[in-house]
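Here is a short briefing for a reader new to this structure. Please look over the sequence and the 3D view before reading on.

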Amino acid sequence: MSRSQIPLLAVLVVLAAVSICGCMGQETVLSGEEAAEVLVYADPIAENVMQGFNEGNYTVYSRDFSPEMKQALDEAAFEQNREEVTSRIGLYESRSDPVVTETGDYIAVTYRAKFEQEDGVALRFVFLEGDASHQLHGLWFNSPPKLRS
């Protein structure tokens, strides 16, 4: 396992632990007004995160992180992860096709994203349901052909 995967793994472990303890149920796709309400806050947060990613600016990138996310993905981890992603698929260009899902106490928004060297990258942003501050509690970039090799 590369060092760049360790911080993201920490976030995954936290969410997996919550899932294993039975705090999370089956994932349900939200649509219509429910999905639209989530996208009102998720879209600007996603744009901000990806702007910070492209600029290499951790302050912008992490602005909407929960305290747990900031601890799991600190600036050094961000720099390592960013280098790993940009070296394999380039910089972020755009996103589309959001799918909003609910699992237990969490709301996730998964976008299909285009990067310089790959289209169809899954960007998943996870929020705690009912959190009026809409802090980000999970973040994944998934592109099986290039990011998992």
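The expected span of a helix is 1.5 Å times one less than its number of residues. Helices (H or I, at least four residues) and strands (E, at least two) are DSSP runs, numbered from the N terminus. This is a predicted model, in which local features need pLDDT of at least 70, side-chain atom pairs count only at pLDDT 80 or more, and totals for chains, interfaces and linings use all residues. Residues are numbered from 1 along each chain as its sequence is written, and side-chain values use heavy atoms, with hydrogens and water left out.

**Helix H2**
- At 1.5 Å a residue, the 24 residues of H2 should span 34 Å, which agrees with the 33 Å between its end C-alpha atoms.
- H2 bends by about 40 degrees at Leu39 (the angle between axes fitted to the seven residues ending there and the seven starting there).
- Gly56, with a positive phi near 70 degrees, follows H2.
- Among the buried residues of H2 are Leu39, Ile45, Asn48 and Met50 (buried: under 20% relative accessible area with a 1.4 Å probe, protein chains only).

**Asp64**
- Asp64 lies in the loop between H3 and H4.
- Asp64 counts as buried because its relative accessibility is 16%.
- Leaving aside neighbours within four places in sequence, Asp64 contacts Ile45, Asn48, His134, Gln135 and Leu136.

Note on methods:
Buried < 20%, exposed > 50% of the residue type's maximum accessible area, 1.4 Å probe, protein only. Contact = heavy atoms within 4.5 Å.
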